[in-house]
Amino acid sequence: MKKGFTMIELIFVIVILGILAAVAIPRLAATRDDASISAAAQDIATLYGDLGSYYTARGHWADTNATGNMNFSATSGRLMTNVSTAYSPTASTMTVRTDNNATVCLTLTFTVDGNVSTLGTNNPAGTICTQVVALPAVRAMIDANQSFGGTRITR
């Protein structure tokens, strides 16, 4: 008598493994997306905290000259925050990216007096950015148009 598995037994095992994989793979993908959304939301909250701390400590944004003109650069952006998804593409704006740094999610516009207005971009449905901006806590930060400045006290 031969020892081993019959063809029917092997087919049953393959079918059962296929069913388990069909159930598990979508759940793993959803978990990965949830982690990306959570990380992006935390980056945005950290960015706002860093910007507030920087402006409060110094009384001006990085690379603001005596006449009040701003000239953000990659270096000045790194001075204000260590959030790796934040970039300074123009002299007075900073962008936050998601989806492996491919999608611009938020654009922050800075004024000399310490105000920051935030604009969420219209991205295709299903992107991480769309889901991050829809979170109530992130939406509240965007809609608030943060103000870190005010009249500077002279001594």
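The stops below cover a disulfide, a nonpolar core and a surface patch in this predicted model.

**First stop: the disulfide.** Select Cys105 and Cys129, whose sulfur atoms lie 2.2 Å apart and form a disulfide. Viewed along the S-S bond, the torsion is about 90°, so the disulfide is right-handed. Now display the secondary structure: Cys105 belongs to strand E3 (residues 103-110) and Cys129 to helix H3 (residues 128-134), so the pair ties together parts that are 24 residues apart in sequence. Are these two cysteines buried or exposed? Cys105 is buried, with a relative accessible area of 0%, and Cys129 also counts as buried, at 1%.

**Second stop: the nonpolar core.** Select Trp61, Leu108 and Phe110, the residues with the most contacts inside the largest nonpolar core, which has 30 residues. At least two core residues come from each of H1, strand E2 (93-98), E3, H3 and helix H4 (136-143). H1 gives the most, with nine residues. Next, centre the view on Trp61 and show its surroundings: beyond its neighbours up to four places away in sequence, Trp61 touches residues including Leu51, Tyr54, Met70, Phe72, Phe110, Val116 and Phe148.

Select Phe5, Met7, Leu10, Ile11, Val15, Ile19 and Val23, which make a nonpolar surface patch of about 730 Å². Within this selection, highlight Met7, which lies in helix H1 (residues 7-58). Met7 counts as exposed, at 61% relative accessibility. In soluble globular proteins, by contrast, nonpolar side chains tend to be buried together.

Key
Residues numbered from 1 in each chain as written. Predicted model: local features only at pLDDT ≥ 70, side-chain atom pairs only at ≥ 80, totals over all residues. Heavy atoms only, no water. Disulfide = S-S within 2.5 Å. Helix = DSSP H or I, 4+ residues; strand = E, 2+ residues; numbered from the N terminus. Buried < 20%, exposed > 50% of the residue type's maximum accessible area, 1.4 Å probe, protein only. Patch = residues over 30% accessible without salt bridge, like charges linked within 9 Å, V, L, I, M, F, W, Y side chains within 5 Å. Areas by Shrake-Rupley, 256 points an atom, 1.4 Å probe, with all protein chains shown as cover. Salt bridge = Lys/Arg side-chain N within 4 Å of Asp/Glu carboxyl O. Core = buried A, V, L, I, M, F, W, Y, C linked by side-chain atoms within 4.5 Å. Contact = heavy atoms within 4.5 Å.
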